[in-house]
Amino acid sequence: VPDTQESWDAGRATYQKNCAVCHGPRALGDGPAAFTLNPRPVNLVVHTPQHAQGEVFYWISGGIPNTAMPGWSDRLSDTQRWQIVRFLYALAAGRG
């Protein structure tokens with residue numbers, strides 16, 4: 001998936017629809033469901049740039065054990081998941 005405004009916008013739309021309830025609209029870990037989860041969702045603006053893009057894609061795809069983070073490979077296409085990755089990196093860099 002190219003690192004373009006179009007990809008970021010598509011990723012933002014998919015993120016808002018599927019991820020914001022836990023991670024918050026700006027990916028700060030403060031979505032409406034966040035406060036009911038243990039452990040709480042991480043601040044993706046801080047957390048995402050600390051990892052390779054492939055790792056983030058892997059976690060979105062398969063979920064994270066011992067957390068409420070589900071795997072999305074059965075609900076989102078590869079392209080949609082990569083667009084979310086592109087959006088998160090753009091957001092963390094102040095471009096998203």
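A residue is called buried here when its relative accessible area is under 20%, exposed when it is over 50%, and partly exposed in between. With that in hand, here are some notes on this model, which is a predicted one.

1. **The cysteines.** Cys19 has a relative accessibility of 11%, so it counts as buried. Cys22, at 24%, counts as partly exposed. Is either of them part of a disulfide, or is the count zero? The count of disulfides comes to 0. For Cys19, the nearest cysteine sulfur is that of Cys22, 8.7 Å away. A disulfide would need the two sulfur atoms within 2.5 Å.

2. **Tyr15 and Phe87.** Searching the whole structure gives 2 aromatic pairs. One of them joins Tyr15 and Phe87, with 5.4 Å between the ring centres and 50° between the planes, a tilted arrangement. Tyr15 belongs to helix 1 (residues 5-18) and Phe87 to helix 5 (residues 78-92), so this pair ties together parts that are 72 residues apart in sequence. Both Tyr15 and Phe87 are buried.

3. **Phe57 and Trp82.** Phe57 sits in helix 4 (residues 53-62) and Trp82 in helix 5, so the pair ties together parts that are 25 residues apart in sequence. Phe57 has a relative accessible area of 15% and is therefore buried, while Trp82, at 26%, counts as partly exposed.

4. **The two sides of helix 4.** Which residues of helix 4 are buried? They are Val56, Phe57, Ile60 and Ser61. These residues cover an arc of only 135° around the axis, which puts them on the same side of helix 4. There is a simple background to such a pattern: an α-helix has 3.6 residues a turn, so residues three or four places apart point the same way. The buried residues of helix 4 pack against helix 5. On the other side of helix 4, Tyr58 and Gly62 are exposed.

5. **Val85.** This residue of helix 5 has 0% relative accessibility, so it counts as buried. Which residues does Val85 contact, once neighbours within four places in sequence are left aside? The list is Gln53, Val56, Phe57 and Ile60. Val85 and Leu44 are 41 residues apart along the chain, and their C-alpha atoms are separated by 10 Å.

6. **Thr48.** Thr48 is placed in the loop between helix 3 (44-47) and helix 4. At 1% relative accessibility, Thr48 is a buried residue. Its side chain reaches the backbone oxygen of Leu44 at 2.8 Å. Apart from neighbours within four places in sequence, Thr48 is in contact with Val56, Leu88 and Tyr89.

7. **Trp72 and Arg75.** Trp72 is found in the loop between helix 4 and helix 5, and with a relative accessible area of 10% it is buried. Arg75 lies over the face of Trp72, 4.3 Å from the ring centre. Not counting residues up to four places away in sequence, Trp72 touches Asn18, Ile60, Ser61 and Arg81. For a sense of spacing, Trp72 and Tyr89 are 17 residues apart in sequence and 18 Å apart in space, C-alpha to C-alpha.

8. **Arg81.** Leaving aside neighbours within four places in sequence, the contacts of Arg81 are Phe57, Ile60, Ser61, Trp72, Ser73 and Leu76. Among them, Phe57, Ile60 and Ser61 are also buried residues of helix 4.

Note on methods:
Residues are numbered from 1 along each chain as its sequence is written. This is a predicted model: local features need pLDDT of at least 70, side-chain atom pairs count only at pLDDT 80 or more; totals for chains, interfaces and linings use all residues. Side-chain values use heavy atoms; hydrogens and water are left out. Rings of Phe, Tyr and Trp (its six-membered ring) pair if their centres lie within 6.5 Å; planes under 30 degrees apart count as stacked, over 60 as edge-to-face and the rest as tilted. Helices (H or I, at least four residues) and strands (E, at least two) are DSSP runs, numbered from the N terminus. Buried means under 20% relative accessible area, exposed over 50%, partly exposed in between (1.4 Å probe, protein chains only). A charge sits over a ring if NZ of Lys or CZ of Arg is within 6 Å of the ring centre and within 35 degrees of the ring normal. A polar contact is a pair of N or O atoms within 3.5 Å; within protein, one must be able to donate a hydrogen and the other to accept it, and residues adjacent in sequence count only if both atoms are side-chain atoms. Contact means heavy atoms within 4.5 Å. The arc is that of the directions from the helix axis to the C-beta atoms.
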